[in-house]
Amino acid sequence: MTIIITGTSAGIGFTLAEYFGKKGHHVFGLSRKNVESKYFKTIPTDITDNTQVQNAIAEVLKTESRIDVLINNAGMGMVGAVEDSTQEEILKLFNLNLVGSVQMMTGVLPKMREQKMGQIINISSIGSEMGLPFRGFYSASKSALDKVTEAIRYEVSPWNIQVCTLHLGDIKTNI
């Protein structure tokens, strides 16, 4: 199985990539930092840059004939009162947590449609279900990802492509 995971430089993404790699899957980790692992191949990629996303997917398809799973894990947190947040901070957060994930889905869908199957897992947060105090924009960005995931799930179901979100709670990572 060929698996692409974003945000593999640390935390959940790194752990998932190592886990699936140890199980014998072909794992490609996309992150801005190059990470050394004997269990997965890193492709340095900033998922907020669609050209880099397209290049990374092309790199995967140089050696693999299919893309079975995409795990959109890359993300960032943002702490602070809503009224203190700047437009620049808000746009940066949404660009990574929402737009980057959408670009990744858009990038793998042509191959998944061609093979008439695939799975996309978008890592969200339990915080998407409520406006967490002092994490309002983080909650909003993950809630937006949930709604886009729900919509695209219906859009691609005729091709046997499954799309879901995973709502994680508190996990001890840098985010």
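1. A quick word on terms to begin: buried means under 20% relative accessible area, exposed means over 50%, and partly exposed lies in between (1.4 Å probe, protein chains only). Please keep in mind that this is a predicted model, where local features need pLDDT of at least 70, side-chain atom pairs count only at pLDDT 80 or more, and totals for chains, interfaces and linings use all residues. Residues are numbered from 1 along each chain as its sequence is written, and side-chain values use heavy atoms, with hydrogens and water left out.

2. You will find 5 salt bridges in the structure, each being a side-chain nitrogen of Lys or Arg within 4 Å of a carboxyl oxygen of Asp or Glu.

3. Have a look at E59 and K41, whose closest N and O atoms are 3.2 Å apart in a salt bridge. This pair links distant parts of the chain, 18 residues apart: E59 sits in helix α2 (residues 50-63) and K41 in strand β3 (residues 41-44). Helices (H or I, at least four residues) and strands (E, at least two) are DSSP runs, numbered from the N terminus. Both partners are partly exposed, E59 at 27% relative accessible area and K41 at 39%.

4. E59 also meets K62 in a salt bridge, at 3.4 Å from N to O. These two are 3 residues apart in helix α2, so about one helical turn separates them. K62 is exposed, at 65% relative accessibility.

5. Over in helix α4 (residues 136-156), K147 and E150 are 3 residues apart, about one helical turn. Their salt bridge has its closest N and O atoms 3.9 Å apart. K147 is exposed at 53%, whereas E150 is partly exposed at 35%.
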